[in-house]
Amino acid sequence: MNNNDIELNQQLGKTVGNPLVDGIPRMSCQSVDVFYNQDLQAIFNVSVDLAKNQILAMIGPSGCGKSTLLRCLNRMNDTIDGCIVTGKIYLDNEDIYTSNIDPVLLRAKVGMVFQKPNPFPKSIYDNVAYGPRLHGLMTNNSELDDIVEESLTKAGLWKETKDRLNKPGTGLSGGQQQRLCIARTIAVKPEVILMDEPTSALDPIATATIEELMYELKSSYTIAVVTHSMQQAARISDRCAYFHLGRLVEVNDTNIVFTNPEHGLTENYITGRFG
Amino acid sequence: MNDLDFFIILLTSAVVVFFIGQAKARSRQESTSGIRLHSLPNYYGYLTALWTFLPALGVFLVWSLFESNIVSMLTIAKFTQLQQLSTDNLSLALNEIKILATTGIYYSNGDANINHQAAAVYSKYFNHSFNLKILVSTLLALLGFTYTYLRINPTMQARNSVERLIVYVLLICALIAILTTLGILFSVLFESVEFFSKVPITEFLFGTHWSPQIAIYEDQAGSSGSFGAVPLFWGTIFISIIAMMIAAPLGLIAAIFLSEYATSRVRATIKPILEILAGVPTVVYGFFAALTIGPLVRDFGYYLREVGVNLDIEILANLTVSTESSLAAGLVMGMMIVPFILSLSDDVISAVPDAMRDGSTALGATKSETVWKVIVPAALPGIVGGFLLAISRAIGETMIVLMAAGVAANLTANPMNSVTTITTQIVTLLTGDQEFDSVKTLAAFALGLGLFITTLILNIIALHVVRKYREQYE
Amino acid sequence: MNNTQIVQKSLKKRYAKERRFKIYGVFSIIVSLAFLLFLLVDIVLKSTPAFTQTYIKLDIDFSYKVLNIDPKPNYTKDELFKSSYRNLISKALYQLFPDVSSRKQKRALRKLISSGAQYHLRDLVIERPQLIGTSQSVWVLADDDIDTFFKGLIDRNLPEADRRIKDIQITWIDKLQSKDRIKRQFNASFLTSGDSREPEQAGILGALKGSLYTMLVTLLLSFPIGVAAAVYLEEFAPKNNWWIDVIEVNINNLAAVPSIVFGILGLAVYINLFGVPRSAPLAGGLVLSLMTLPTIIIATRAAIKSVPPSIREAALGLGASKIQVITHHVLPLAMPGILTGSIIGMAQALGESAPLLMIGMVAFVADIPQGFFDPSTVLPVQIYIWSDSPERAFIALTSAAIIVLLIFLFLMNLLAVLLRNKFETKW
């Protein structure tokens, strides 16, 4: 380890700010480490809470581990060979990495929206109905129709698509596709929604629509969003976490992070000195 | 001297003139030191060699291809006795004359006197033709050489000329694919047309009785022997269905398992092992089907029959059982096709983007749910394309059915019974004694035409579907 | 009931499905592997009798009388060639079993020995004329039925009518065995002789040579033409041109056309139109090269495509012409891929039999072919011919020939894999 690294480690050290929230958090990470193939550590000792009905924005330069942490929250990392997660991650006071927690059930509770819109090559209706059908969330077809309508409405897509529910979801525009993916996630009635740079593949107008949607959704869901855009983080999030080289450097209420950051690295990043 | 010797001489002279051309270019460069050569001296050599070699070779090859037929025609023209023979006997006589002329061995069929005379004429014409061929080719080679050699000077754009020539040669090579298809059509089309002039196409397509082996007397061609090909079509389809019923699920599920479930190490071990199955020659499968699986299936059939008698089940008790059966052939063919479907399905399944898998997993789908509800539907066009290619392969497979399915044209849905297929009949009709132009032989070409068209359509649809599918995810 | 409970309730069933599906997957793989194993083991087991052959020791009296030649110091080869050696064997047999008298029994006795044994004796005498006039113990080849019985493949408890060997022959064999006059020995002639109607004399050398010549023709034609066609299509063909599309569809289709169709083409065009000799390796090679072409073209195109454009651009930037770029850079870099594809194509051609049946390579050829124009057969077709023969001993020979063929194919594929691994470049 050369001097630079030591300096960096000292600099990164312990998370500053306010990782814990008042009351009972919806989700909580405690001392999480993530390794790929044993020798490559992607996340170092991260602890952070997700409060109910709030949006937590995760920001930081590329490769800082924010997406990795996000994927740990609904155990999507299980699908990657050689990925090991240590530490504890709680959902409503239950450790999601213990053996009696089922990843399928967990993912029904913690939904995820991806960077690139990924509708299935099926009709719009079938895309939204996919989750409820999987989990048997309805007893008959009219109930399913209701779930589809409700989810599409919540995702702000109902008006545009109600006449073309049988058309393929892949035929929609990029922003519509992403809202379809959000509707698809909502249809399972999750408690937490994870979003991995949901607007990075979209144009500014579609981005604005999605941002509005996220703002509306937070009344019913807990949301964690990874974003590259600091403006977006500032606009939509209640709390903001800054990651650097796999460490959580600083986490606090968004307005504090952006107006009065405690850590020098955070300040450098939000003022645009690197990133 | 024979053809091969001349070819070697031609090749050697090409190498020699390469150096001559190269030397002349060099000398020009040095003597008129003011002007630089346009191209490297080698290119002048190449150009000389190509112009010496290519035209001569072209004429030599085309001549060689048609020489034997033309000489035969000239020989026939000399002998009225030969002209009077029927087409069948003429081809037999011609064969004998050729063998007599080239080897001196005589099989005493037909008119020995005429054949001996004809053989002498044939040899004479053949020698003339050969000498003329060598002469013309040599002249062309000399001409090509002089033409290029005289033109060599520093301003000549040798490299460009060589490259243009090479591109033309490459183009001709690429055109061979089209020539092959035309050759196939040419081989089957004329004979098929002749066949259908003797046997009505409706009888061929819809007739249910196939027995071409009935002796066909002269001038009676077509009136005896029946050519209703429905039992053949049925046999082909039936065996293909059995094969696909085995290969489709096994291959597809194995492909899914290897690409979605197996660790990369298991995958890296199992896949090459299964690919061995694809590399085993079909004649080996045929042997295995005929000698091992066939008797097993037969014994199983006897067992079923016994069960049928004991339990008084009429269908089973009256089961026809034979050693050559569609089940044995279909089973083995199915196993042969498994790796084919496996690798095609594996390709299309891997082409489905990971985003689909993630999307489904994040909604709480189990792996098999993701596979059946997202990946397989997404990959369906590619999978179907692969299945079509597999069907085309099953239809065209020859050795397994030839060795294990039998030659009896039964119209039966009993998998224990023997059936015959299009390919089997083509082989049986075209091997053995050749009576060209007999209805029996012509029938084989009509079957060949049917086989070619069927597989062509299947292949084109399948390749198109797979290509479109790939483009979608590229 | 909230969602969690609903999902929880369905989980057990869904996981059962998941497990079931996984079992199907493992099952399919195991079935395929088991089939492969069954196939290989079955063939290996069937082939074992072919590796040895049964010999019988006879006391041959090379007398002048039986050989029907006069005693003199030197013999021409021709004289010795003409003599009758069959009688030597018959006499030795009668001597060994003096109580055999009826004509029928005598014939059965003579049938103990292979009809090829006399030629063996002839060659022996021609090689060492000093044997004439002496009496020698010679191990001669037994007939295939005796061989099959001696290897335990015919049950002696079967009724006499159901087996190809008579009761009396069995007693003779037992007697020979008690006198140590019958033994099994490594079957070298399998690899050194041509085809024969008699299984004990049949070998695969003729077929191997036929395959060699056929493969040579195939390689010499399909490799240069295939690579040239691929270079044209990849580097020179105008893009989005309808007739280039036609060529491409053609090539892809030809790769999937049933092989027998190529046989029909060979019969109609090569043999009947162009007068290529039937049954000759030249005809076989011409047919197989058409079949191999699409494979080589497709593999070559893929290999050329994988050469990064940056290398082309670098060479073009230095003033190289397009042909120079191709011959100096693209082809050498693509060569491992081209070779791998070509070897796989050649392996396919080596195992191909159906189209060769069409062009007469299925004819019985006892002589070993000496060139591209001699009538011959190839290994897979030899397998087909033998598997069609009624004699029991041919089953073992066929299996042994299959093993030889599989070994060749395995080596070729191994070479292809090694080439790919050694030269594989990730750009």
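These legends describe close-up views of a predicted model.

**View 1. The contact between chain B and chain A.**
Chain B brings 18 residues to this contact, and chain A brings 22 residues. The area buried between the two chains is about 1600 Å². Carbon and sulfur atoms give 66% of that area. On the chain B side, Asp358(B), Ala362(B) and Leu363(B) lose the most area to chain A. Together these three residues account for 38% of what that side buries.

One salt bridge is counted between chain B and chain A. Its partners are Asp358(B) and Arg71(A). Their closest N and O atoms are 3.7 Å apart. Asp358(B) is also among the three residues of chain B that lose the most area to chain A. The count of residue pairs in polar contact between these chains is four, with both residues at pLDDT 80 or more.

**View 2. Helices of chain B that face chain A.**
α13(B) gives the most, with seven residues. By class, this side of chain B has nine nonpolar, six polar and three charged residues.

**View 3. The contact between chain C and chain B.**
Here 75 residues of chain C are in contact with 84 residues of chain B. The two chains bury about 7000 Å² between them. Carbon and sulfur atoms carry 79% of that area.

One salt bridge is counted between chain C and chain B. Arg14(C) forms this salt bridge with Glu369(B). The closest N and O atoms of the pair are 2.7 Å apart. Helix α1 (residues 3–47) of chain C gives the most to the side of chain C that touches chain B, with 21 residues. The residues on that side of chain C divide into 53 nonpolar, 15 polar and seven charged.

**View 4. The three-stranded sheet of chain C.**
This open sheet has the strand order β2-β1-β3 in chain C, and its pairing is antiparallel. β2 (135–141) and β3 (182–186) of chain C stand at the edges. Each has a single partner strand, so one side of each is left without a neighbour in the sheet. From one strand to the next, the twist averages 40°.

**View 7**
Strand β1 (residues 52–61) of chain C pairs with β2(C) in the antiparallel sense. Seven bridges join the two strands. Ile60(C) stands opposite Gln136(C), a residue of β2(C). Helix α6 (residues 117–127) of chain C lies across β1 and β2 of chain C. The helix runs at about 135° to β2(C).

**View 5. The four-stranded sheet of chain A.**
The strand order in this open sheet of chain A is β3-β2-β5-β6, with antiparallel pairing. Which strands stand at the edges? β3 (40–50) and β6 of chain A do, each with a single partner strand, so one side of each is left without a neighbour in the sheet.

**View 6. Strands β2 and β5 of chain A.**
Strand β2 (residues 27–36) and strand β5 (residues 83–91) of chain A run antiparallel. Eight bridges join them. Cys29(A) stands opposite Ile89(A) in β5(A). Met27(A) stands opposite Leu91(A), also in β5(A).

β5(A) and strand β6 (residues 94–95) of chain A run antiparallel and are joined by two bridges. Leu91(A) has Glu94(A) of β6(A) as its bridge partner. Leu91(A) also stands opposite Met27(A). β5(A) and β6(A) form a hairpin with two residues between them. In the turn, Asp92(A) has a positive phi of about 50°.

Conventions: Residues are numbered from 1 along each chain as its sequence is written. Chains are lettered from A and ligands numbered from 1 in the order in which they are written. This is a predicted model: local features need pLDDT of at least 70, side-chain atom pairs count only at pLDDT 80 or more; totals for chains, interfaces and linings use all residues. Side-chain values use heavy atoms; hydrogens and water are left out. Contact means heavy atoms within 4.5 Å. Buried area is the accessible area (1.4 Å probe) that two parts lose on being put together, summed over both. A salt bridge is a side-chain nitrogen of Lys or Arg within 4 Å of a carboxyl oxygen of Asp or Glu. A polar contact is a pair of N or O atoms within 3.5 Å; within protein, one must be able to donate a hydrogen and the other to accept it, and residues adjacent in sequence count only if both atoms are side-chain atoms. Ala, Val, Leu, Ile, Met, Phe, Trp, Tyr, Cys and Pro count as nonpolar, Asp, Glu, Lys and Arg as charged, and the others, Gly among them, as polar. Two strands pair if DSSP finds at least two bridges between them. Axes are lines fitted to C-alpha atoms, for helices over the stretch in contact, and angles run from 0 to 180 degrees between N-to-C directions.
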